[in-house]
Amino acid sequence: MNIDNVIDRIESGWKHALASEFDKKYFEELKSTLSIEKRTSIIFPSEKEIFSAFNLTPFNDVKVIIIGQDPYHGEGQANGLCFSVSESMSHPPSLKNIFKEIQKDLKIPYPKSGNLESWAKQGVLLLNASLTVRKDEANSHSNYGWQIFTDEAIKQLSFKKKGLIFLLWGSFAKKKIKFINRENHQILTTGHPSPLSANRGYWFGNGHFRKTNELLISLNKEPIDWRIE
């Protein structure tokens with residue numbers, strides 16, 4: 001795996017914001033580790049999709065940030081966006097609960113596709129803390145240095161922009177609060193959409209999708225069309 005090939009094609013705003021990270025020791029070690037592992041293991045998502053969250057949501061267009069933990073580790077699922085799956089793939093449990101909440105919150109029909117690209121193109125940064133994973137091994141790349149990189153992405157957004165809406169779902173995402181300037185940005189928190197959390201009453205009824213649009217309108221920004229075709 002040669003990440004340098006895709007780094008060169010990262011959206012220009014993000015490339016500028018994160019430029020200092022690419023030459024740091026941890027990132028060089030990350031690239032080396034992935035290159036070695038690629039020889040013996042299958043890694044998701046595909047090389048060209050590793051930075052999809054950044055490429056589909058340019059730095060200057062970010063309005064909303066949703067933070068996940070790491071990509072789906074099943075064959076053909078991951079497409080570089082947190083909670084999203086590639087076209088024609090069945091919906092994982094957390095994604096099902098996200099769609100159920102939208103259905104309840106906004107009366108939007110449950111969709112066939114689980115691909116969230118349309119959200120990303122409207123300014124919803126769908127950022128996983130780790131951008132790669134080994135096949136069938138959840139969190140297998142969590143200690144590779146990705147989280148240093150994605151934490152810096154959050155810091156850059158917090159420092160350089162105003163009026164962003166951060167949706168932090170579950171204890172892992174809530175830990176990112178320390179990187180966010182609460183005076184300049186809005187933060188909505190709730191439980192994780194996984195069945196374990198949702199079935200205990202920590203997800204359903206959070207109203208985040210409606211509240212996000214209400215906040216966007218109050219900031220004179222275009223609301224998100226949460227519908228998936």
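Colleague: Which residues do ring pairs link into a cluster?

Modeller: In this predicted model, the cluster linked by ring pairs consists of Trp14, Phe22, Tyr26, Phe27, Phe51, Phe54, Phe59, Trp146 and Phe149. The structure as a whole holds 19 aromatic pairs.

Colleague: How is the geometry of the pair formed by Phe54 and Phe149 to be read, and what are its values?

Modeller: Planes over 60 degrees apart count as edge-to-face. The ring centres of Phe54 and Phe149 are 6.0 Å apart and the planes stand at 85°, so this pair is edge-to-face. The pair links distant parts of the chain, since Phe54 belongs to helix α4 (residues 52-56) and Phe149 to helix α7 (residues 146-160), 95 residues apart.

Colleague: Are Phe54 and Phe149 buried or exposed?

Modeller: The cut-off for burial is a relative accessible area under 20%. Phe54, at 1% relative accessibility, counts as buried, and Phe149 is buried with a relative accessible area of 0%.

Colleague: Where do Trp146 and Phe149 lie, and how are their rings arranged?

Modeller: The ring centres of Trp146 and Phe149 are 6.0 Å apart with the planes at 65°, so the pair is edge-to-face. Both residues lie in helix α7, three residues apart, which is about one turn of the helix. Both Trp146 and Phe149 are buried.

Colleague: What lies over the face of Phe59?

Modeller: Lys161 lies over that face, at 5.6 Å from the ring centre of Phe59.

Colleague: Let us turn to the sheet. In what order do the four strands stand?

Modeller: Strands of a sheet pair through backbone hydrogen bonds, in either a parallel or an antiparallel sense. Here four strands form an open sheet in the order β3-β2-β5-β6, and the pairing is parallel. At the edges stand β3 and β6 (186-190), each with a single partner strand, so one side of each has no neighbour in the sheet. From one strand to the next, the twist averages 20°.

Colleague: How many bridges join the paired strands?

Modeller: Strand β2 (residues 64-68) is joined to strand β3 (residues 124-128) by five bridges, with Val64 opposite Val124 in β3. Three bridges pair β2 with strand β5 (residues 165-169), where Ile66 stands opposite Leu167. The pairing of β5 with β6 runs over five bridges, and Leu167 stands opposite Leu188 in β6.

Colleague: Which way do the residues of β2 point?

Modeller: In a regular strand the side chains alternate between the two faces of the sheet. In β2, Val64, Ile66 and Gly68 point one way, while Ile65 and Ile67 point the other way. The strand is mostly covered, with five of its five residues buried.

Colleague: Which strands does α7 touch where it packs on the sheet?

Modeller: Helix α7 touches β2, β3 and β5, and its direction makes about 150° with that of β3.

Colleague: At what angle do helices α5 and α10 pack?

Modeller: Two packed helices are described by the angle between their axes and the distance between the axes. Helix α5 (residues 93-106) and helix α10 (residues 208-218) pack at about 60°, with axes 8 Å apart. That angle makes α5 oblique to α10. The contact is made by Ile98, Glu101, Ile102, Asp105 and Leu106 of α5 together with His208, Phe209 and Arg210 of α10.

Note on methods:
Residues numbered from 1 in each chain as written. Predicted model: local features only at pLDDT ≥ 70, side-chain atom pairs only at ≥ 80, totals over all residues. Heavy atoms only, no water. Phe/Tyr/Trp six-rings, centres within 6.5 Å; stacked < 30°, edge-to-face > 60°. Helix = DSSP H or I, 4+ residues; strand = E, 2+ residues; numbered from the N terminus. Buried < 20%, exposed > 50% of the residue type's maximum accessible area, 1.4 Å probe, protein only. Lys NZ or Arg CZ within 6 Å of the ring centre and 35° of its normal. Pairing = 2+ DSSP bridges. Axes fitted to C-alpha atoms, helices over the stretch in contact; angles between N-to-C directions. Parallel < 35°, antiparallel > 145°, perpendicular 65-115°, else oblique. Contact = heavy atoms within 4.5 Å.
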